[in-house]
Amino acid sequence: MSCRNIVVLGATGSIGQSACRVARELSGRVRMVGMSGFRNIDRLAAEANSLRPDALAVPDAAAEVELRAKLDYKPVAVFTGPGGLEQLATWEGADMVLVAIVGTGGLRPTFAALEAGKDIALASKEVLVVAGELVMSAARHRGCRILPVDSEHNAIFQCLEGRDPVQVRRLILTASGGPFRSWPEDKMRAVTRQEALRHPTWRMGEKITIDSATMFNKGLEMIEARWLFDVDIARIDVVIHPQSIVHSMVEFVDGSVLAQMSHSDMRFPIQYALTWPDRIAGSLPPLEWARLARLDFEEPRYDVFPALALARQAAERGGAAPAVLNAANEVAVAEFLAGRIAFPRIWQIVTAVLEKCGHRPGGDLEALLASDLEARGLALAEARS
Ligand code: NDP
Ligand code: MG
C-alpha cells in the first residue's frame, strides 16, 4: 500500500486522538494532511505540531489567531467559518476523510467530501442515522467507499468481506450493556452524571458514553448498520456482551456465524478503515486467550432500556423518523449532562418527540435538517416542561 493521505474532522476528540496515534504508529503508510478542532485549540495545535498537516480548520477568526500563535510551523491553509469544514473535507491532497465529529456537525462535510470523490472513514454514526439513504446513494453515485470506524460495523464489514449478501441471514451487534446493564429499574431515576459517564469497557466522548448508558448508542448503530450493509432492520439483532471482545457477528443462511475479535481499543477499527484492504503490522496488542477467562452473552433488557425498541420503530417507519429520534436524543443528552433532567427523561423525551413529529416524510438533506430542527425545538420544550 502506498501512503494514504487523510483529513480528520474532529482531530481533538476521542476518535480523532486515537486516529492521530495510529498515524504516528504507521507513519509512511498513513499521513494526516488535514485536521479540524472546535473548542480545544491547544490540543489541535499539539497534534498539528506533531503530524504537520497542510490544512487545518477551526470555527472562527479568533480561534485561527490562537491556533497560529501555538503552531511551530506554517500550514498551507487554515479554514474558518461555516464553510471551513467543507473546504477541509474537499482538500485536494486528501484521499480519504475520517469523519469523527460528534452529532450532526459532520453531515454537510461528508456530502462535500463525497461530491469531491473522497473515500470516507465514518465514525459519526449520526450522519447515517439522519441521512443514511442519501449518503449511501451519493457514495455509490461518485464511486466512493464508506469504511466503517464504529467497532461493531467495522467488525461486520470484516466478516462480510468477499461474501454474497444473499448468503447473510442476520447481523448481530454486540453491546457492552453500559454501566447500568444489571441495575434494577427503580434505581434509574437517581442515576448521576458521573455514574452514567463511567463506561465499563470503552473510553469515549461524553455524548456517546451517555448513549451507551441509555442503549441509544446501540439503537443508532442498528440504523447505521441498516444503511451501511443494506440489510433490512428486521434482520439486525442485538446481544449483550459485557467484555467487549467480540465486536459483532454475521450469521449466514447455513447457520454459521463469523465474529471479529480484538481488545476494546478504537485503534483497531480506525487502523483497519485507514489502511483497508491491507492489514499492517503495528503495535496493537493481540488477545491473550488464556487470560480472557470467559465471554458472556445475554438478552438485552428491552423493558428497562426502551431505546432499542424506539430505534427499531423509527427505522421501520423510515422518512424523517430516525432524524427526529437522533435530534431529540442529542438535546436530551445535553440536558442530562447539564444536570437539568433525570436520566429516564432522556428516553421519555425521545418518545414524546417521536409521537409529535416522527411521521414527517424524509426527502432531501434540507428537508431532513428541517425535521431535525423541529425535533430539537420540541425536545427542548419537553425537557423544560
Ligand atoms: P468527542 O466528544 O470526544 O469528540 C468530538 C469531536 O468533534 C472533537 O474533535 C470536537 O472538537 C468536535 N466537535 C464537537 N462539536 C463540533 C461542532 N459543532 N463542529 C465541529 N466540530 C465539533 O467524541 P468521540 O470522538 O467520542 O465521538 C465522535 C463520533 O464518533 C461520534 O459520532 C461517536 O458516536 C462516534 N464514535 C465514537 C467512538 C469512541 O470510541 N469515542 C466509538 C464509535 C463511534 P473540540 O474537542 O475541539 O471541541
Ligand atoms: Mg460502536
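This is a predicted model: local features need pLDDT of at least 70, side-chain atom pairs count only at pLDDT 80 or more; totals for chains, interfaces and linings use all residues.
Residues are numbered from 1 along each chain as its sequence is written, chains are lettered from A and ligands numbered from 1 in the order in which they are written, and side-chain values use heavy atoms, with hydrogens and water left out.

The magnesium ion (ligand 2) is held by Asp150 (OD), Glu152 (OE) and Glu221 (OE) at 2.1 to 2.2 Å. Donors here are N, O and S atoms within 2.8 Å of the metal (3.2 Å for Na, K and Ca); water is not among the atoms, so sites may look incomplete. Glu152 lies in helix H7 (residues 151-160) and Glu221 in helix H10 (residues 216-228), 69 residues apart, and the pair links distant parts of the chain. Helices (H or I, at least four residues) and strands (E, at least two) are DSSP runs, numbered from the N terminus. Glu152 counts as buried because its relative accessibility is 7%, and Glu221 is buried at 1%. Buried means under 20% relative accessible area, exposed over 50%, and partly exposed in between (1.4 Å probe, protein chains only).

Side chains of opposite charge can pair when their charged atoms come close. A salt bridge is a side-chain nitrogen of Lys or Arg within 4 Å of a carboxyl oxygen of Asp or Glu, and the count comes to 31 salt bridges. One of them joins Lys125 to Asp150, with the closest N and O atoms 2.9 Å apart; both residues are buried. Lys125, Asp150, Glu152, Lys218 and Glu221 are linked in a salt-bridge network. Elsewhere, Arg376 and Glu330 form a salt bridge at 3.3 Å, N to O. Arg376 belongs to helix H16 (residues 365-384) and Glu330 to helix H14 (residues 321-337), so this pair ties together parts 46 residues apart in sequence.

Ser176 sits in the loop between strand E8 (168-175) and helix H8 (193-196), and its relative accessibility of 11% makes it buried. Its side chain makes a polar contact of 3.2 Å with the side chain of His199. Such a contact is a pair of N or O atoms within 3.5 Å; within protein, one must be able to donate a hydrogen and the other to accept it, and residues adjacent in sequence count only if both atoms are side-chain atoms.

Leu295 lies in the loop between helix H12 (289-292) and helix H13 (307-317).
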